[in-house]
Amino acid sequence: MDNIYIPKPYKIIKVDRLTDIETLYRVEFDNMSEIKFGQFIQISLPKIGECPISVTDFNVEEGWIEFLIRKVGKVTDQIFNLKARDIMYLRGPYGNGFDFSNYENKNLIIVAGGSGLAPVRSMINYIYKHAGSVKKLDLILGFKDTSSILFKDEIDNWRKKFNTILTVDKGSGIKGEKVGFVTEYISHLSIEEDKSDLEIIIVGPPVMMKYAAIEFEKIKVSDDKIWLSFERKMSCAVGKCGHCKIDEIYVCLDGPIFNYTKGKKLLD
Ligand SMILES: Cc1cc2nc3c(=O)[nH]c(=O)nc-3n(C[C@H](O)[C@H](O)[C@H](O)COP(=O)(O)OP(=O)(O)OC[C@H]3O[C@@H](n4cnc5c(N)ncnc54)[C@H](O)[C@@H]3O)c2cc1C
Ligand code: FES
């Protein structure tokens, strides 16, 4: 029987430095037969360590997967030094991912803050390429400042098809720039009185998810219409070690995507 903890080596195809600390890696990958938007992979480097990273995009036919990795510590600092043709060790995909059937033919709103865009980017790109997969998509994307904006070219493309609000916490004086937290722009959306077709996805730092969800509660969106993605510290990623456990919930298995009815407790 295969040992699930043993990762396989994969070659990096392309490296794009998006900001001073965030890099996009395209890596050869062959385990995507049942991959879902919002799942994550355990990435490791020998003698350094392992960390969970969201699958930010993938292409099954072309055999690649992409990761947006923020340099924050032991493992990610070393990953930051990798170049095209270097090797990364991967195991997964893991986690529940988004169940797209929840959003099909619905009015979907995605609110993402900073690198919170990573776990939803593949879904946005899918909707972009598959007209009619949702009824309507609204995007509210927030970044710290102009130099922190990720996937600028893709956002410019998304704007052509979806109502897209791009905002920065700290403005740089550029004409037309939207300044403020994503939460401030939720009231700018035109949301129908009948919310039966509405679904909301919020991804970002816990404090941002908490206050964004409260804004939707204020306009009478019921909790079961809201979905969140969590980044808990993990170790095994397969429900064995208990590292990610909060009460009876295993974030690695039951998440990282949670309906707000359950996720609300994880935010406190
Ligand atoms: C499901 C999931 C998906 C993720 N997706 C991405 C992604 O797409 N891109 C990305 O850059 N990062 C992502 N992360 C976070 C990433 O796993 C951590 O940044 C990484 O483990 C840090 O490892 P390190 O050895 O470089 O840092 P360490 O040296 O271990 O830690 C550096 C600092 O980061 C803190 N830290 C470590 N892990 C986490 C965590 N999970 N949450 C909050 N703080 C943490 C530590 O407490 C410490 O302060 C994800 C995490 C999870 C659980
Ligand atoms: S990370 Fe080991 S149980 Fe979830």
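Hi everyone, let me start with a glycine: Gly242 has 30% relative accessibility and so counts as partly exposed. On that scale, buried means under 20% relative accessible area, exposed means over 50%, and partly exposed is in between, with a 1.4 Å probe and protein chains only. Gly242 sits in the loop between β13 (226–229) and β14 (245–246). Its C-alpha atom is 9.3 Å from that of Cys252, ten residues apart along the chain. The strand and helix labels are DSSP runs numbered from the N terminus: helices are H or I with at least four residues, strands are E with at least two.

Some housekeeping before the ligand. This is a predicted model, where local features need pLDDT of at least 70, side-chain atom pairs count only at pLDDT 80 or more, and totals for chains, interfaces and linings use all residues. Residues are numbered from 1 along each chain as its sequence is written, chains are lettered from A and ligands numbered from 1 in the order in which they are written, and side-chain values use heavy atoms, with hydrogens and water left out.

Now, ligand 1. Which residues come nearest to it? Of the 19 residues around ligand 1, they are Pro52, Leu68, Arg70, Thr76 and Arg232; being around it means having a heavy atom within 4 Å. β4 (49–54), β6 (64–70) and α1 (74–80) each supply at least two residues of this shell, and β4 gives the most, with four. By class, the shell has eleven nonpolar, three polar and five charged residues. Here Ala, Val, Leu, Ile, Met, Phe, Trp, Tyr, Cys and Pro are nonpolar, Asp, Glu, Lys and Arg are charged, and the others, Gly among them, are polar. Both domain 1 (8–94) and domain 2 (100–264) contribute at least three residues each to the shell, with bounds from an automatic or database domain assignment.

On to individual atoms. A polar backbone atom of Pro52 is 2.6 Å from an oxygen atom of ligand 1. Lys74 also uses its backbone, with an N or O atom 2.9 Å from a ligand 1 oxygen. For Glu231, a polar side-chain atom lies 3.3 Å from a nitrogen of ligand 1. On its own, ligand 1 has 880 Å² of accessible area, and the protein covers 71% of that; the areas come from the Shrake-Rupley method with a 1.4 Å probe.

What does UniProt say? Its unreviewed entry lists residues 5–100 as "domain: FAD-binding FR-type", and annotates Leu68, Ile69 and Arg70 as "binding site". Such annotations may be inferred rather than shown by experiment. Over residues 5–100, the chain is 7% helix and 49% strand, and the end C-alpha atoms are 28 Å apart.

The peptide bond from Gly92 to Pro93 is cis, with omega near 5 degrees, and Pro93 lies in strand β7 (87–94). Gly255 and Pro256 are also joined by a cis peptide bond, with omega about 10 degrees; Pro256 is in the loop between α5 (251–254) and β16 (257–259).

Where is Phe151? Phe151 is in the loop between β9 (136–143) and α3 (152–161). Phe151 is not a glycine, yet its phi is positive, at about 55 degrees. Its relative accessibility is 8%, so Phe151 counts as buried. Thanks, everyone!

Terms used. Polar contact = N/O pair within 3.5 Å; in protein donor to acceptor, adjacent residues only side chain to side chain.
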